[in-house]
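The sequence and the structure are shown first, and the description follows.

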Amino acid sequence: RAAVRGAARVGGLGRIVVADDLERRTAEVREAVSHIQRWVFPTRALQDEFHANGLALEDAEVLPYGIDEGALDLPVIPDESGGFRFSFFGQFMPHKGLDHLMGAVRLMESRLPESVSPWSVRCWGHGSLGRHHLYAERAFESVRSSHRVTNAGCFPPLDAPRVMAETDALVVPSIWMENAPLTVLQARAAGVPVIASDVSGVREVLDPQRHGVLVPPGDVVALADAMRAAIIAGPRRYTPDPVVRYSDHLDRIE
């Protein structure tokens with residue numbers, strides 16, 4: 001432990017976290033929490049996590065994110081090549097499952113009909129400057145020979161409607177719980193089908209009978225199978241159903 005504590009910076013990324021750091025962080029969080037009178041959570045799943053760690057439910061309320069649905073009500077921007085377009089939105093971090101998505105890509109390229117069907121995966125987001133700084137690099141390196149995957153980088157938040165209009169299916173391959181999956185709510189508002197991991201937070205806002213497909217988290221084969229089914233079915237949109245509009249919040253806030 002002394003050796004770890006005394007370790008210098010590793011690869012320029014900062015000091016290694018040790019037990020004392022975690023204990024100090026926990027103490028500071030508890031001190032901050034003691035001043036909070038009312039908790040507001042965007043999903044019941046997140047509220048349940050806090051309740052399991054001692055938060056009294058009478059001190060909490062679930063208030064889902066509000067979505068400006070009108071901004072996402074754009075016509076589909078067709079793909080000139082006629083291919084099927086998958087999109088990934090999020091941090092290029094382990095808990096978001098980017099490496100599992102790349103594993104699904106490799107599997108799809110090895111079998112029919114996906115290996116000959118026109119489809120692509122655009123990954124919108126950014127990597128980490130911390131201890132996972134090599135994660136994204138390695139994930140994309142695993143599909144370096146593929147012409148189907150694009151590291152598209154980040155886009156301004158106001159461009160989300162346009163990016164959704166250029167997406168035939170959103171892929172959310174998270175392997176940990178999602179607090180409040182804003183991208184899933186945006187996809188619902190745009191009528192874009194979603195292929196997502198069956199994790200808490202996601203399953204709360206995604207009806208697999210209407211909005212897409214839920215697959216076991218970390219199951220590369222199931223993810224690839226769901227993507228294959230989407231390719232075979234072809235691009236489609238469903239009529240956007242109500243998520244939570246800003247106006248729905250006003251009465252509760254007032």
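## Asp99 and helix 5

Asp99 touches Tyr135 and Ala139, leaving aside residues up to four places away in sequence; contact here means heavy atoms within 4.5 Å. Asp99 is placed in helix 5, where helices are DSSP runs of H or I with at least four residues, strands are runs of E with at least two, and both are numbered from the N terminus. With a relative accessibility of 33%, Asp99 counts as partly exposed, the class between buried (under 20% relative accessible area) and exposed (over 50%), computed with a 1.4 Å probe and protein chains only. Asp99 and Asp225 lie 126 residues apart in sequence, and their C-alpha atoms are 16 Å apart in space.

Helix 5 covers residues 98-108 and is mostly covered, with 8 of its 11 residues buried. The buried residues are Leu98, His100, Leu101, Met102, Gly103, Ala104, Val105 and Met108. Their cover includes strand 3, strand 4 (119-124), helix 6 (135-141), strand 5 (149-153), strand 6 and helix 10 (220-233). In the loop between helix 5 and strand 4 lies Pro113. A cis peptide bond, with omega of about 0°, joins Leu112 and Pro113; most peptide bonds are trans.

## Basis of the model

This is a predicted model, in which local features need pLDDT of at least 70 and side-chain atom pairs count only at pLDDT 80 or more, whereas totals for chains, interfaces and linings use all residues. Residues are numbered from 1 along each chain as its sequence is written, and side-chain values use heavy atoms, with hydrogens and water left out.

## Overall architecture

The protein has 11 helices and 8 strands. Its C-alpha atoms fill a box of roughly 55 × 55 × 30 Å along the principal axes. Of the 254 residues, 43% are buried. Among contacts with a separation of 6 or more, 68% are between residues 24 or more positions apart.

The accessible surface comes to about 14100 Å², and carbon and sulfur atoms account for 55% of this area; the areas come from the Shrake-Rupley method with a 1.4 Å probe, and for residues only the protein chains shown count as cover. The protein carries 27 positive and 33 negative charges, whose mean positions are 6 Å apart. Lys and Arg count as positive and Asp and Glu as negative, while His and the chain ends are not counted; each charge is placed at NZ of Lys, CZ of Arg, CG of Asp or CD of Glu.

## Largest pocket and Gln186

The largest pocket holds about 940 Å³ of space. Of its 36 lining residues, Phe89, Pro181, Leu182, Thr183 and Gln186 are the closest to its centre. Elements that give two or more residues to the lining are helix 4 (69-72), strand 3 (84-89), helix 7 (160-165), strand 6 (169-172) and helix 8 (182-190). On a 1 Å grid over the protein atoms alone, a pocket is an open set of points with protein on both sides within 12 Å along at least five of seven lines, a cavity is a set where a 1.4 Å probe fits but cannot get out, and lining residues have an atom within 4 Å of a point. Points are joined across faces, edges and corners, and a volume is the space filled by probe spheres set on them.

Gln186 is located in helix 8 and counts as buried at 16% relative accessibility. The C-alpha atoms of Gln186 and Ala160, 26 residues apart along the chain, are separated by 8.3 Å.

## Cavity

The structure holds 1 cavity of 30 Å³ or more. The largest cavity contains about 30 Å³ of space, and its lining consists of His100, Pro173, Ser197, Val215, Pro216, Pro217, Gly218, Asp219 and Leu223.

Beyond four places in sequence, its contacts are Val205, His211, Tyr238, Pro240, Asp241, Pro242 and Val243.

Gln47 lies in helix 3 and is buried, with a relative accessible area of 7%. Asp59 lies in the loop between helix 3 (44-52) and strand 2 (60-62) and is partly exposed, at 32%. Leaving aside neighbours within four places in sequence, Asp59 is in contact with Gln37, Arg38 and Trp39.
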